[in-house]
Amino acid sequence: MIPYGRQSISHEDLAAVEAVLLSDWLTQGPAVPRFEAAVADYVGARHAVAVNSATSALHIACAALGVGPGSRVWTVPNTFVASANCARYCGAEVGFVDIDSRSYCIDAADLERRLQAARASASLPDVLVSVDFAGQPCDYEAIAKLKAEFGFRVIEDASHAIGATLGDLRVGALPVADITVFSFHPVKIVTSAEGGMLLTADARIADSARRLRSHGIERELTRLENKDEGGWYYEQQELGWNYRITDLQAALGASQVARIDAFLARRRALALRYDNALAALPLQRPWQRPNALSAYHLYPILLRDADQRRQVYERLREAGIGVQVHYLPVHLQPYYRAQGFALGDFPVAEWYADRTLSLPIYADLTDSEQDRVIATLTEVLR
């Protein structure tokens, strides 16, 4: 089976993990700050905090921004459920904004309409979780203007987008984002087996995130309330969680970051091959924002006929091609339906979800394997 995505593990990656296994530290050791520094340096961020998953990073991001009962957090339906669940973990109310029909990211025009209505009803969101779907940055120029007017904070869910650029900046260092979140799941561009990371320009947010990933515990002498205890002393200053990443995972992640440019170059080459080969087929290829460069975590196609999708999916799977659907609309999941959301609430996201298939794209996908995907898809559609 050719999967839609998978990790690429080198001898250097194996050596990095082995070195940790032979060291004095398996967790809470020096490999974690090295991983954080490698990612922060690559994207141009001031602060980075590594955790055990992007879901944990999103949860901590909400908590660090003060999200709690009575807060409102908006995101899009076209995402993994964690982009919404992070707000619910904090007891906040979740709202959604529809997506743009070309980028499949948040529709800035729909966001503005909903913000105007929310201001009129005194129900503006406290936080927007924007999602850089498939590796493409959102329209952050428009979002920045709306942020300035309406006063919400921004968590950039860039789980798909490490290495993507917008203008001259890399995702992770965009000024509009109070916090950016990366994922290092094995199907992502860089992996630490499981893992995530928060990036921010705000030292106070970074300090809070570091405490929250480890039970809310503070050990830094200058921040302790009681300064007269010995070197063994620590204080739990807020309610946190055990979201720590291990040194094994961090060593793998740091090793992978050294190859990120090669990973991105291969993904972009594969996307260009798909663009050229699929041009004549009855489907919509991914559109790219002119001032952005996607990381191509996914290559989602859109079939013209929604009734085709199950047949095409099953025939490709039978042929050993692991296509997937990204995503089922979050607002139509039973948990969110129970909160009052319904079919028809976000028509563009629903239209997209009925027709989309993600084709295989990952750094180790060979040209011959991709040619097989293209040939099989062409045969099925014709």
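Mentor: Let's start with L128 and what it touches. Setting aside its neighbours within four places in sequence, L128 is in contact with W74, I106, L111, I143, F152, R153, V154 and I155. Bear in mind that this is a predicted model. L128 itself lies in strand β4, which covers residues 127-131. Is L128 buried or exposed? Its relative accessible area is 2%, so L128 counts as buried, the cut-off being under 20%. Here's another way to see how the chain folds back on itself: L128 and R72 are 56 residues apart in sequence, yet their C-alpha atoms are 8.8 Å apart in space.

Now step back along the chain from β4. In the loop between α5 and β4 you'll find A122. Its phi is near 55°, a positive value in a residue other than glycine. A122 has 63% relative accessibility, so it counts as exposed.

H326 and Y327 are joined by a cis peptide bond, with omega at about 5°. Y327 is in the loop between α10 (309-318) and α11 (334-337). That residue also takes us to a pocket: F80, S159, S183, K188 and Y327 lie nearest the centre of the second largest pocket, out of 23 residues that line it. Two elements, α3 (54-64) and α4 (82-89), each give two or more residues to that lining. The largest share, 3 residues, comes from α3. By class, the lining has 8 nonpolar, 11 polar and 4 charged residues, and the pocket holds about 370 Å³ of space.

The largest pocket has a volume of about 470 Å³. It is lined by 18 residues, and the closest to its centre are Q28, R210, R213, S214 and I217. At least two lining residues come from each of α2 (31-43), α7 (203-212) and β10 (217-218). This lining divides into 5 nonpolar, 3 polar and 10 charged residues.

Keep α2 in mind, since it turns up again at α8. Helix α8 (residues 247-257) is largely enclosed by the rest of the structure, because 9 of its 11 residues are buried. Among them are D247, Q249, A250 and L252. The cover over the buried residues of α8 includes α1 (11-21), α2 and α9 (260-277).

The protein chain has 13 helices and 15 strands, and 55% of its 382 residues count as buried. Along the principal axes, its C-alpha trace spans about 75 × 60 × 40 Å. The radius of gyration is 21 Å, which agrees with the value near 21 Å for a compact globule of 382 residues.

How values were computed: Residues numbered from 1 in each chain as written. Predicted model: local features only at pLDDT ≥ 70, side-chain atom pairs only at ≥ 80, totals over all residues. Heavy atoms only, no water. Helix = DSSP H or I, 4+ residues; strand = E, 2+ residues; numbered from the N terminus. Buried < 20%, exposed > 50% of the residue type's maximum accessible area, 1.4 Å probe, protein only. Contact = heavy atoms within 4.5 Å. 1 Å grid on protein atoms, 1.4 Å probe; cavity = no way out; pocket = protein on both sides within 12 Å on 5 of 7 lines; lining within 4 Å. Points joined across faces, edges and corners; volume = space filled by probe spheres on them. Nonpolar A, V, L, I, M, F, W, Y, C, P; charged D, E, K, R; others polar. Rg over C-alpha atoms; globule rule 2.2 N^0.38 Å.
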